[in-house]
Structure formats: C-alpha cells, structure tokens
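Open the model in your viewer and show it as a cartoon. The stops below say what to select and what you will find there.

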Amino acid sequence: MTTQEILVKAGQLILSLSILVVLHELGHFIPAKLFKARVEKFYLFFDPWFSLFKKKKGDTEYGIGWLPLGGYVKISGMVDESMDREQMAKPPQPWEFRSKPAWQRLIIMIGGVTVNLILGFLIYAMMLWHWGESYLPTKNLTYGIAVDSLAGSIGLRDGDMVLSVNHQPVENFKAIPAEIILREATSIQVERAGKPLDIKIPSGFIREMIKKKGTLMEVRIPFTVDSVLSKSAAEKAGFRKGDKTLTVNGQPAYYFHEFKKALQAYKNKTVPVQVLRNGDTLQLFANVPETGMLGMAPASPDKDFKLATREYTFFEAIPAGFSKCISTLVKYVQQLRLIFVSKEVKANESLGGFISIGNLFPAHWDWVAFWEMTALLSIILAFMNILPIPALDGGHVLFLLYEIITGRKPSEKFLEYAQIVGMIILFGLLIYANGLDIWRSLFK
C-alpha cells in the first residue's frame, strides 16, 4: 500500500469518527440543556487543557467524550473517579446532573446512542434517495464464479453457479461470504455443467476465511479492456480499449481472474499476450513489471451482467433506510455473538483497532463508500456505547434503571469505583484490539 493510499484511508477514518463522536456528544448536550443541567464545556474537537484526573479549585472535572476523535462534553455534577470528595459530600445543586430526576438523567445518558442510531438511519435513507440501490443478483452471474485457493480447497471451481448457502438462496452475490460466516454454514449448493452439487464446508473453514480475510469468490467476467494507463506497460505493449484477452504465453486468459493469475508467473519478463481486436486475433508482447500488473482495467460488470436496481422517492427512502439500519445492527450483533459462541470464530483473529477500521475504507476517496462506512460505524458506536459497562453510557443507564425500579440510588462512592473499573476495562480492550493490529502488521 502506497503512502498516498494510507493517507486517504486515514483521512476518511478521522473525518468519519469526528463526525460521529461530535454528534454523539451533541446527543448528550441537547437534553442536558433542555433539563437545565449545566454544561460547562462542549468541544467540537478536544479541550487542550483537559486531563482525565484533573481537578481545579475543588470543582468536578467530568466529561463524556472521546478526546482524540472529535468530541467532549462536560456536565456539572456527574460522578466519576475524578470527582472531588468534598464536592460529593455537598448537597446537589439544582444545576447539577446528580440533582435531576432519574428519568431526565436517563434521557441525557442515552442521548448520544439515540443520535448515532438516528444518524445511521438518516445516512442510509439519504443514500437510497440520492443514489438508489444496485447489486448483482447471484442468479445473474452468466459465467459463474471465480474462486480463490481457499474456496478451491473445499471443491468449489471456476464457473460454478452458486444456488444457495445451507440450502437458503442468497439474493445479493456480494453477501455470500458474510452469509457463510453468519449462518455458520456447513454446505454450499452449486450448479456445475448443468448438474446440481452439494459442496460440504469442513470444520475450520470459516476460521480460515476470517483469518485470511480473502474474497473467497468473485464474479467470473471476460476481460475486455476498458482503460489503459498512460505510460504503463500495457500502453507500451500496444493494448487498446475494447481488446479482449485470449491467452498469456499460450495459457487461457479469457477471464479477468485468469489473466491476473497468469501474469504473476512472468514478473520482470516479456510475455506474449493474444488478444481479440475488432474480430482479428493479434499477439502483443508485454514487459511485466515487478507488481505483476500491466496498468489496464476491465469493463464494468454491468456491461456483462444485469444488475438489480431500484430508485427511491424521498418518502420511500425513509422506511427503506430504517429497515437497512435495523438489518445492519442485527448483523453486527450476530457477528459479535459468534465470537462468544462459535468454535470457528476466535477473538484474536476477528477483533481489530483503528488500523482494521481504517482498512475498511477504500484506498481512493469515494463518497458513496465513505457514507456507507460512516453509517455502519455510527450503528456500531451506538451499540458499543449502550453495553452495560461502567464508564460507557450503558453503564450509567444500568445504574439509572436500577434506581428507577428500586427507588434507591447507588451511592456516589460506588459509582466512583464502578467508573474506575469501567475505565480499566475500556483501556484494556483498546490496548488489546490495537495491539492485535500492530501484531498483524508486523508478523502477517
């Protein structure tokens, strides 16, 4: 990966997280102001003078926020590990958070999560309204699939037509790998040479899928050259837009994945490539660089396959966006569940930190992909924050629900120690997840 690609990914990650966290903090800020709780600080980025354990003249220094990522809000009278002992002993003041009724404090605490869920829904709705929705139906793969080595190891072959996963059809072709994992599939049904076959998925296969992060299968598409980079090896060899590849040094290369694979054996060598141009068969000689890529791209799949496309009116996009938001949340929860219950999914192979998240963004700036990822991260942020861990919104919600149900408020000392435990847990998870990223970067 080039430096430019790394910077583009990092830029998208920072912008996305900053948007999400600022709006999350705004979700706490607005109800706090409505209920007349004093908001002492609200930073769109971070308080340069803030320290987690800072005290100033006996005042409470407490913030709800993610300082490096884009937002920080400080509300008077919230109990945490930095609250002054003398301040805790004093009667709550009318403007303090701790003086408000439990139901008001509950609304303030769930405000950030609520905003993140609403944001995910709105992004999906606006994307559907503006761009619509297009995908390649599995049944429309005219030439079948192109498999990688992992898929080939269980008996899948180039040209297979996927019928179902665990005998359940998958409408969207790109969703097949995810469905295999989420369903913990034991078989894939395909059609080969006109005959149906049942391909068994052995134990350990899903773990290898997650570990290798492979594509498993791609669309098998004839290689018709759509563009040639200026001054590239392809241009020097004489390739033109519209050329159809046939062979590489006599080896079949009619399909794009065959062409890519064949070139890998001829790095830093000159290789004859047979192409079809305007009905004539020509032979070109290409000097294959170290990268194994000549510098030309195939035509878009929609020229060979019929995509399923739907346009949405504004009012149609609203329920569709809500449905997509809920579906995304359910699938994320299912993925987390697998970490705890599946023998195939291992935490040290599935979890990741900021590097893993950044790699989900494309290496070039793409607004469609950016907003799609931002919506996903907004939903993830909402779910993670509502987990009943002290120091997270969910921990505060848990204690507030206890107070509402029992009529008894946990002691401020208990809340202080719970906050410390929660911070230890969170920092431990943060170090572990990002440590895994560093380990993989160094030893992959």
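Begin with the open sheet built from three strands in the order 6-7-8, paired in the antiparallel sense. Strand 6 and strand 8 (195–200) are the edges; each has a single partner strand, so one side of each lacks a neighbour in the sheet. From one strand to the next, the twist averages 25°. Keep in mind throughout that this is a predicted model.

Next, select residues 187–192, which are strand 7. Six bridges pair strand 7 with strand 8, and the two are antiparallel. For one of the facing pairs, pick Arg192: its bridge partner in strand 8 is Lys195. As background, strands of a sheet pair through backbone hydrogen bonds, in either a parallel or an antiparallel manner.

Now move to the loop between strand 6 (161–165) and helix 5 (176–182) and select His167, which lies in that loop. Most residues other than glycine have a negative phi. His167 counts as exposed because its relative accessibility is 58%, above the 50% cut-off.

To find Lys36, select the loop between helix 1 (3–34) and strand 1 (39–43). Is Lys36 buried or exposed? Lys36 has a relative accessibility of 63% and so counts as exposed.

Now colour the chain by domain. The domain assignment gives domain 1 as 3–129 + 372–443, domain 2 as 138–215 and domain 3 as 224–298. Between the C-alpha centres of domain 2 and domain 3 the distance is 29 Å.

For the next stop, show the open sheet of four strands, ordered 12-11-13-14 with antiparallel pairing. Its edge strands are strand 12 (251–252) and strand 14 (280–288), each pairing on one side only.

Strand 13 and strand 14 run antiparallel and are joined by nine bridges. Select Val271 to see the residue standing opposite it in strand 14, Ala286.

Stay in strand 13 (residues 269–277) and select Pro272. Pro272 is buried, because its relative accessible area is 19% and the cut-off for buried is under 20%. Which residues does Pro272 contact, leaving aside its neighbours within four places in sequence? They are Thr247, Val248 and Asn249, together with Gln283, Leu284 and Phe285. For one of these, Thr247, the C-alpha to C-alpha distance from Pro272 is 8.3 Å, at a separation of 25 residues in sequence.

The last stop uses a record. In an unreviewed entry, UniProt places the feature "transmembrane region" at residues 6–26, 106–131, 375–402 and 414–433. Select 106–131: this span is 100% helix and 0% strand, and its end C-alpha atoms are 37 Å apart. Then select 375–402, which is 75% helix and 0% strand, with its end C-alpha atoms 32 Å apart.

Key. Residues are numbered from 1 along each chain as its sequence is written. This is a predicted model: local features need pLDDT of at least 70, side-chain atom pairs count only at pLDDT 80 or more; totals for chains, interfaces and linings use all residues. Side-chain values use heavy atoms; hydrogens and water are left out. Buried means under 20% relative accessible area, exposed over 50%, partly exposed in between (1.4 Å probe, protein chains only). Contact means heavy atoms within 4.5 Å. Two strands pair if DSSP finds at least two bridges between them. UniProt positions are given in the numbering used here, feature names are shortened, and annotations may be inferred rather than shown by experiment. Domain bounds come from an automatic or database domain assignment. Axes are lines fitted to C-alpha atoms, for helices over the stretch in contact, and angles run from 0 to 180 degrees between N-to-C directions.
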